[in-house]
Amino acid sequence: MDMRTGKDDYYLGIADSVQSRSTCLRRKYGAIIVKADEIISTGYNGAPRGRKNCCDLGFCTREHLNIPAGERYELCRSVHAEQNAIISCSRRDMLGSVIYLVGRDAKTNEIINAAPCTLCRRFILNAGIEKVICRTVNNGVEIIDVRQWIENDDSLPETK
């Protein structure tokens with residue numbers, strides 16, 4: 001009987017390790033891109049290269065302005081984990097790949113339900129990534145077929 005960790009949990013564990021490099025004071029995310037059972041890229045959320053990180057500045061602009069999670073990302077200093085993983089890899093290498101995503105609350109270090117934001121969904125679609133596998137609370141896993149974002153386009157206004 002095979003007692004090894006399953007592949008999804010294995011890769012999510014690595015993404016969880018990657019998130020430990022995050023510099024965000026609110027949420028820490030780690031992402032890895034895997035193709036043909038090989039890690040081809042990693043990313044975590046943090047300020048663009050050369051800019052000061054929130055953890056170095058000692059404050060978060062969005063938190064200071066009481067902006068709820070998921071809103072006004074243009075005020076955030078960070079580049080998202082998924083974006084950093086994608087820009088560190090060529091599109092031809094990402095075609096047909098899987099991105100694994102783990103998030104933690106920066107204050108409590110508790111696992112949170114990880115999910116790509118609307119903008120990261122666009123990056124993932126254009127990168128040619130086929131599947132997103134996210135860690136959820138209670139050690140759960142959510143598997144997202146990226147094609148559903150094409151069929152259920154959240155960038156269009158709802159019609160009756």
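Student: Which strand gives the most to the lining of the second largest pocket?

Tutor: That is β2, with three residues. Keep in mind that this is a predicted model.

Student: Got it. What else lines the second largest pocket?

Tutor: Its lining has 15 residues, and Tyr-44, Gly-46, Ala-47, Arg-49 and Asn-84 lie nearest the centre. Both β2 and α4 supply at least two residues each. By type, the lining splits into five nonpolar, eight polar and two charged residues.

Student: And what volume does the second largest pocket have?

Tutor: About 330 Å³.

Student: OK, how much space lies in the largest pocket?

Tutor: The largest pocket holds about 390 Å³. Its lining counts 19 residues, with Arg-27, Tyr-29, Arg-62, Tyr-73 and His-80 closest to the centre.

Student: Which elements each supply at least two residues of that lining?

Tutor: β1 and α4 do. The lining of the largest pocket is made up of eleven nonpolar, four polar and four charged residues.

Student: Let's switch to β1, then. Why is strand β1 largely enclosed by the rest of the structure?

Tutor: Seven of its nine residues are buried, so the rest of the structure largely encloses β1, which covers residues 27–35.

Student: Which way does β1 run relative to β3, parallel or antiparallel?

Tutor: Antiparallel, with eight bridges joining β1 to β3 (residues 98–105).

Student: What sits in the hairpin of β1 and β2?

Tutor: Two residues lie between the strands, and Ala-36 takes a positive phi near 50° in that hairpin. Most residues other than glycine have a negative phi.

Student: Last one: is Asn-139 buried or exposed?

Tutor: Exposed: its relative accessible area is 57%, and the cut-off for that word is over 50%. Asn-139 lies in the loop between β5 (131–136) and β6 (140–145), and has a positive phi of about 65° although it is not a glycine.

Methods
Residues numbered from 1 in each chain as written. Predicted model: local features only at pLDDT ≥ 70, side-chain atom pairs only at ≥ 80, totals over all residues. Heavy atoms only, no water. Buried < 20%, exposed > 50% of the residue type's maximum accessible area, 1.4 Å probe, protein only. Helix = DSSP H or I, 4+ residues; strand = E, 2+ residues; numbered from the N terminus. Pairing = 2+ DSSP bridges. 1 Å grid on protein atoms, 1.4 Å probe; cavity = no way out; pocket = protein on both sides within 12 Å on 5 of 7 lines; lining within 4 Å. Points joined across faces, edges and corners; volume = space filled by probe spheres on them. Nonpolar A, V, L, I, M, F, W, Y, C, P; charged D, E, K, R; others polar.
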